[in-house]
Amino acid sequence: MHSETSGEIPVTWRDAWEEVVGAARRTVADGLVVGTSGNVSTRVGDVVLVTPTGVPYDRLGPDDLCAVDLKGERVAGTLRPTSELPMHLAVYRTTDATAVVHTHAVHATAVSTLVDELPTIHYMTAALGGPVRVAPYATYGSDALAGHLLEALEDRSGALLRNHGTLTHGATMDQAYDRTAQLEWMCRVWLAAASVPGRTPTLLPREEIDRVADRLRGYGQRPPAG
């Protein structure tokens with residue numbers, strides 16, 4: 001196991017750290033977080049690279065790499081990891097995810113205070129595995145919050161955290177981030193539709209969400225045969 005005093009950081013870790021920092025900066029640029037709120041991580045083998053606590057993302061550089069093992073013990077770097085580390089580790093211990101993005105996105109956070117599940121306002125609900133659940137509130141950084149999150153994430157790749165924000169995961173950093181952006185967009189659409197006086201938004205039935213999920217499995221470009 002690499003340690004903070006054992007010499008050169010592996011190239012794979014440095015490349016992955018660049019992705020973490022890049023995604024963290026995007027959350028600020030896209031208005032999904034304010035200041036140092038929210039956090040991003042990626043898994044490389046049995047090591048998790050995660051944004052540190054209390055450090056503005058625009059100040060993070062290659063030498064600020066923060067790495068822990070799946071028990072949360074530091075294996076590289078000197079900065080303390082995000083206080084939300086229990087949520088990140090819980091996801092990596094129970095899924096095959098390699099990236100996690102947690103935000104305090106405005107519309108998603110607002111929705112988390114209103115419902116127990118995001119209404120199926122759009123077919124891209126299927127991209128997150130089905131209707132997005134709201135995890136009950138618990139103090140940030142607590143094991144209780146991590147436990148609530150795991151229940152909300154069962155068979156899903158994203159969840160809302162009551163009075164808190166969002167968390168999504170994916171097989172790549174791009175996928176995890178795209179799911180975060182998609183979730184915030186759907187929350188914004190539902191809030192906009194639900195705010196029209198005297199009108200109730202139409203929602204998609206579960207069978208349509210399942211139908212779209214089947215279609216999405218074959219979505220996108222395919223490598224050429226041969």
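Predicted model: local features only at pLDDT ≥ 70, side-chain atom pairs only at ≥ 80, totals over all residues.
Student: How many helices and strands does the protein chain have?
Tutor: Read from the N terminus on, the elements of the protein chain follow the order α-β-β-β-β-α-β-α-β-α-β-β-α-α. Counted by kind, the secondary structure of the protein chain comes to six helices and eight strands.

Student: What radius of gyration does the protein chain have, given its 226 residues?
Tutor: Along the principal axes, the C-alpha atoms of the protein chain fill a box of roughly 65 × 50 × 30 Å. A compact globule with 226 residues would have a radius of gyration near 17 Å, and the value for the protein chain agrees with this, for it is 18 Å.

Student: Where is Thr120 found?
Tutor: Helix H3 covers residues 106–112 and strand E6 covers residues 134–135. Thr120 lies in the loop between helix H3 and strand E6.

Student: Is Thr120 buried or exposed?
Tutor: A residue counts as buried when its relative accessible area is under 20%. Thr120 has a relative accessible area of 11%, and therefore Thr120 is buried.

Student: Which residue has the backbone oxygen that the side chain of Thr120 reaches at 2.7 Å?
Tutor: Not counting residues up to four places away in sequence, Thr120 touches Thr125, Pro131, Leu203, Leu204 and Ile209. The backbone oxygen that the side chain of Thr120 reaches at 2.7 Å belongs to Leu204.

Conventions:
Residues numbered from 1 in each chain as written. Heavy atoms only, no water. Helix = DSSP H or I, 4+ residues; strand = E, 2+ residues; numbered from the N terminus. Buried < 20%, exposed > 50% of the residue type's maximum accessible area, 1.4 Å probe, protein only. Polar contact = N/O pair within 3.5 Å; in protein donor to acceptor, adjacent residues only side chain to side chain. Contact = heavy atoms within 4.5 Å. Rg over C-alpha atoms; globule rule 2.2 N^0.38 Å.
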